[in-house]
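This report goes through one structural model by topic, from helix packing to backbone geometry. Please keep the sequence and the coordinates at hand while reading.

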Amino acid sequence: MASLTNFTPFPIIETKHLLLRRITHGDTNDMFEMRRNPGMYEYLNTKVDQNTEETKAYIDKMNQGIDEDKWVIWAIEHKQSNKVIGTICIWNINKDEECGELGYGIIPNYQGQGLMKESLVNVIEYGFEVMKLKVLEAYTEERNDKSIKLLESCKFVEVTKVEEAGDMNNHVLRMVVFRLLVQQQA
């Protein structure tokens, strides 16, 4: 198969303002601040972390998935502050169809500064050039205008809408599915 899903050694991506790197237990406090912030989950069906033990369990689960070549998830470290301000990942990787799904989030204090786009552009490049994926998809809640604008600015095209029932609450999420093909990126 052409797709590369071996993440050893872990792929570190450095950008002008950011370092995309593996999440470690040393990031527990920054990750807990992010994962306990309800503003991070406004358009998601995820519960906030109640304590650092839940955050450590999340870090362990993410790293286990990397070690098992199920996904790749980066901590987004802001170089100026040396603070982890978000995460970005490629997951739901389908080797046969050479596609994967993007997931991302950045703490509200760092939104609107172009940092997520800086991360996303580089992760798209990694997905297409290193992993040899042909398709990247992203699901975003239909009310999440910032995420929709971000995806559109990176040449993603809306392909469909789906409803997802909530696991953590009783409301239904109306997700817009965006797709980017390797030839669209150029």
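Is T28 buried or exposed? T28 is buried, with a relative accessible area of 5%, where buried means under 20% relative accessible area, exposed means over 50% and partly exposed lies in between, for a 1.4 Å probe and protein chains only.

## Basis of the model

The structure is a predicted model, in which local features need pLDDT of at least 70 and side-chain atom pairs count only at pLDDT 80 or more, while totals for chains, interfaces and linings use all residues. Residues are numbered from 1 along each chain as its sequence is written, and side-chain values use heavy atoms, with hydrogens and water left out.

T28 is found in helix α1, which covers residues 28-35; helices here are DSSP runs of H or I with at least four residues, strands are runs of E with at least two, and both are numbered from the N terminus. Setting aside residues up to four places away in sequence, T28 touches T52, T55, K56 and I59, contact being defined as heavy atoms within 4.5 Å.

Helix α1 packs with helix α2 (residues 52-67) at an angle of about 105°, and their axes are 9 Å apart. The axes are lines fitted to C-alpha atoms, for helices over the stretch in contact, and the angles run from 0 to 180 degrees between N-to-C directions. Helices α1 and α2 are therefore roughly perpendicular to each other, given that angles of 65 to 115 degrees count as roughly perpendicular, those under 35 as roughly parallel, those over 145 as roughly antiparallel and the rest as oblique. On the α1 side the contact is made by T28, N29, M31, F32 and R35, and on the α2 side by T52, T55, K56, Y58 and I59. Sorted by class, this contact of α1 with α2 has four nonpolar, four polar and two charged residues; Ala, Val, Leu, Ile, Met, Phe, Trp, Tyr, Cys and Pro count as nonpolar, Asp, Glu, Lys and Arg as charged, and the others, Gly among them, as polar.

D30 also has its place in helix α1, and, leaving out residues up to four places away in sequence, D30 touches N82, K83 and V84. The C-alpha atoms of D30 and T8 are separated by 24 Å, with the two residues 22 apart along the chain.

## Helices α3 and α4

The axes of helix α3 (residues 115-130) and helix α4 (residues 145-153) come within 11 Å and cross at roughly 45°. Helices α3 and α4 are therefore oblique to each other. The residues making the contact are M116, K117 and L120 of α3, together with L150, L151 and S153 of α4. By class, the contact of α3 with α4 has four nonpolar, one polar and one charged residues.

## Cysteines

How many disulfides does the count come to? The count comes to zero disulfides, a disulfide being a pair of cysteine sulfur atoms within 2.5 Å. The sulfur of C89 is 14 Å from the closest cysteine sulfur, that of C99, which is too far for a bond. As for accessibility, C89 is buried at a relative accessible area of 13%, and C99 also counts as buried, at 15% relative accessibility.

## Backbone geometry

Most residues other than glycine have a negative phi, and most peptide bonds are trans. The peptide bond from T8 to P9, however, is cis, with omega near -5°, and P9 is placed in the segment before β1 (13-14).

E98 has a positive phi of about 50° although it is not a glycine. E98 is found in the loop between β4 (83-94) and β5 (99-106), and counts as buried at 15% relative accessibility. K155, which is likewise a residue other than glycine, has a positive phi near 75°; K155 is found in the loop between α4 and β7 (157-165), and counts as partly exposed at 43% relative accessibility.

I107 has its place in the loop between β5 and α3, and is buried, with a relative accessible area of 10%. Leaving aside neighbours within four places in sequence, I107 is in contact with M34, M40, K83 and I85. The C-alpha atoms of I107 and H78, which are 29 residues apart along the chain, are separated by 11 Å.
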